[in-house]
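Please keep the sequence and the model at hand while reading.

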Amino acid sequence: MFRSIILATALIAGAGAGAQAQACDAEPQFAAHRTANGSVRAQYNSVTRGEWRQVIHFGEEIASSGAAPGQRAAALTNLCAGYAATGEYERAVAACDAALELRADAWRAVNNRGVAHWLAGDHAAATADFNAAAALAGDEDEVRANLSLAQCD
């Protein structure tokens, strides 16, 4: 019986270690932003489907329009995700920075800038952004997932 307890404990410990390793292998998560604006909603839907060229198309269109600052900030936040997902990391960071100029508390922009840094290989800058996003919205799923990923690095 004692041997069974030891074996069960070892199996549980091994399963826990495997679950931790699996969590560390995850990719960072983008945080899409949706507003009442129809184009931003369409862009948001494109983010959720991973249709990155559409995300970029909508984002560039809205960012250069006369839309309200909140609408542009949301579009730029999503545009940041689109650029990062297609490997255009510098453009991604610039889009997130532009969103943050319009709305300093835009946690999704901070989060997505962190993802862009992460995908570019700058894990220190990514971790700083993930921590900043947590200070703004630490209870959001994407923020928590990205903080966990950064701790595995």
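A salt bridge is defined here as a side-chain nitrogen of Lys or Arg within 4 Å of a carboxyl oxygen of Asp or Glu. The model is predicted, so local features need pLDDT of at least 70, side-chain atom pairs count only at pLDDT 80 or more, and totals for chains, interfaces and linings use all residues. Residues are numbered from 1 along each chain as its sequence is written, and side-chain values use heavy atoms, with hydrogens and water left out.

Q: Why is the pair R144 and D141 called a salt bridge?
A: The closest N and O atoms of R144 and D141 are 2.3 Å apart. The definition asks for a separation within 4 Å, so the pair qualifies.

Q: Where do R144 and D141 lie, and how many residues apart are they?
A: Both belong to helix α8 (residues 141–152), and they are three residues apart, about one turn of the helix. A helix here is a DSSP run of H or I with at least four residues, numbered from the N terminus.

Q: What makes R144 partly exposed?
A: Buried means under 20% relative accessible area, exposed means over 50%, and partly exposed lies in between (1.4 Å probe, protein chains only). R144 has a relative accessible area of 43%, so it is partly exposed.

Q: How many salt bridges does the structure hold?
A: The structure holds eight. One of them links R49 to E51, with the closest N and O atoms 3.1 Å apart.

Q: Why does R49 count as exposed, and what does E51 count as?
A: R49 reaches 51% relative accessibility and therefore counts as exposed. E51, at 33%, counts as partly exposed.

Q: Which parts does the link of C80 and C96 tie together?
A: C80 lies in helix α4 (residues 69–85) and C96 in helix α5 (residues 89–102), so the pair ties together parts that are 16 residues apart in sequence. The link is left-handed, with -100° about the S-S bond.

Q: Are C80 and C96 buried or exposed?
A: C80 has a relative accessible area of 0% and is therefore buried. C96 is likewise buried, at 0%.

Q: What is the place of Q54, and what does Q54 count as?
A: Q54 is in helix α3 (residues 52–63). At 36% relative accessibility, Q54 counts as partly exposed. The C-alpha atoms of Q54 and G82 are separated by 8.4 Å, although the two residues are 28 residues apart along the chain.

Q: How many helices and strands does the protein chain have, and what percentage of its residues count as buried?
A: The protein chain has eight helices and zero strands. Of its 153 residues, 37% count as buried.

Definitions and conventions. Helices (H or I, at least four residues) and strands (E, at least two) are DSSP runs, numbered from the N terminus. A disulfide is a pair of cysteine sulfur atoms within 2.5 Å.
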